[in-house]
Amino acid sequence: MADIRPYWQNYINGSFVDGGAGRIGIDDPGTGERIAEQAMADAADVDRAVQAAGQCHESGALTDMRPVERGRMVRAMGNYLIENIDEIAPVLTLEAGKPLWESRIEIEGAARYFEYYGNQAETVEGRSIPLGAGYFDFTTYEPRGVSAQIIPWNYPVEMTARSLSAALATGNACVIKTPELDPLTNRYFALAAEAAGLPKGAVNILCGHGHEAGAALSSHSDINQIVFTGSVPTGVAIATAAAQNVVPCVLELGGKSAAIVHDDADIDAFMNDVRWGIYFNAGQVCSAMSRVIAHESVHDRLVEGVVSLAGELSVGPGIERNKFGANMGAMISESQRDRAAGMVSEAQREGAIVAAGGHKMNRPGFFLEPTVLFGVTPAMTIANEEVFGPVLSVLKFSSDEEAIRIANGTPYGLVGGVFTRDIDRATRAAKQLRAGQVFVNEWYAGGVETPFGGYGKSGYGREKGREALWNYVQTKNVAIKLG
Ligand code: NAD
């Protein structure tokens, strides 16, 4: 086993505890070797966590606090992550396979959520509605109570931070179901909550199987709200469970997002967008630039550029890759890697051409070569289904209308990009793209401050930005008849 704690427990009502469903082995995607074991929660553990969160909520320990105090605690959690980044980053790399420098970026990103939502805590204000001389009317925003959050494996730290920070800032108690493949680093949120002085039961963190602990949490009758980030089929199951209990849910699902590259785009600068867009986190990003739709006049030059970019990436265990640069880590698991490689073969059978990569790497761990496909057409499976790996599909267009039609031609609608020096063309595309976020001339432009979420099968509701605050509160109107 690697040099990290060999056994990691769940955290319920302020205590680290074993799980009713035993333990699961956690493997390093960079070597395929076992690194630790994680306690697995069963339905009874989930129930204990929900009860603890409910009691915390009912006690008023979070809700009665002046928001500025809550905000300071939320910000302190972020500070804890930064202060302990040297300890957390290697664990994240060992469990998730990403280069060490990417782990540091993820932890810094997580801390940024706590900073942002900590600062927002005291901005959630109601309004007064005029009803004439005989009444005084005002609205308040109350926390929903128990927030259930189900986390995917691709950014286990950042995804938890995204929902947890906003939920706590608005006064909710939280139960978090961590991903089975890389649950370890979520332990640091428990330690951060303790260090920040949050009341017992405000943060509960448990790992468990999706069909067992995940299903028990999402269908629990005492939760008041759900945030789910993950795949479409699981999202449908969660929304169904939420509907049965009549509680709201936010679904952040997958994507097949496209960058449209026009004939007047800065192709050299665009290479940097490709590097981040499809090879960051080995392409396991819901808002990855998985399709490039290139104007026919720049297509060949663009393919040449991305092929050489893919070829220059040094691919190997994340723990050896501690400096920002042209390198990429492992995919999360053998099955995810094999699925991605299988989709590349299928694309070849359908007529796409592999210009770079496409193969599993002949070394221990779960590596796929950085891959570039061209000759992809909108009808191919690869142009419509999420690979969730380092696989770029390049399609060709000749008119602006065709580019938009191709970009909007999948069931998804998470993000989209347009690369051009023509502001009118960019503005038109921004209006026409069916996506929750549009990037003009820089993939991933934006930040924690900018609302994020999908159109179509990419889900509903928004995380990030001020929009996300409204997921965690409900409006109460108070109308007073004056005597
Ligand atoms: P997944 O849906 O298999 O699992 C996500 C989480 O749901 C895990 O914690 C899992 O244990 C749990 N789960 C599984 N079945 C469940 C059930 N029946 N009831 C309750 N919980 C259940 O997804 P994944 O494979 O972990 O993540 C990859 C997918 O997530 C990709 O499709 C990706 O695009 C998407 N994703 C989206 C975003 C976003 O913000 N839009 C971010 C990251 C990942």
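This briefing looks at the ligand site and the cysteines of the structure above. The model is predicted, so local features need pLDDT of at least 70 and side-chain atom pairs count only at pLDDT 80 or more, while totals for chains, interfaces and linings use all residues. Residues are numbered from 1 along each chain as its sequence is written, and side-chain values use heavy atoms, leaving out hydrogens and water.

**Around the ligand**

- The ligand is surrounded by 28 residues, each with a heavy atom within 4 Å of it; the closest are Lys-177, Glu-180, Ser-231, Leu-253 and Glu-386.
- This shell divides into 14 nonpolar, 9 polar (Gly counts here) and 5 charged residues (Asp, Glu, Lys and Arg count as charged).
- Domain 1 (7-254 + 459-478) and domain 2 (258-413 + 415-447) each give the shell at least three residues, with bounds from an automatic or database domain assignment.
- Helix H7, a DSSP run (H or I, at least four residues), gives the most to the shell, with 4 residues.

**Polar contacts** (pairs of N or O atoms within 3.5 Å)

- A backbone N or O atom of Glu-252 lies 3.4 Å from a ligand nitrogen atom.
- On its own the ligand has 840 Å² of accessible area, and the protein covers 87% of that (Shrake-Rupley method, 1.4 Å probe).

**Cysteines**

- The count of disulfides (cysteine sulfur atoms within 2.5 Å) is 0.
- For Cys-174, the nearest cysteine sulfur belongs to Cys-56, 9.1 Å away.
- Cys-174 counts as buried because its relative accessibility is 0%, where buried means under 20% relative accessible area (1.4 Å probe, protein chains only).
- Cys-286 is also buried, at 16%.

Conventions: A polar contact is a pair of N or O atoms within 3.5 Å; within protein, one must be able to donate a hydrogen and the other to accept it, and residues adjacent in sequence count only if both atoms are side-chain atoms. Helices (H or I, at least four residues) and strands (E, at least two) are DSSP runs, numbered from the N terminus. Buried means under 20% relative accessible area, exposed over 50%, partly exposed in between (1.4 Å probe, protein chains only).
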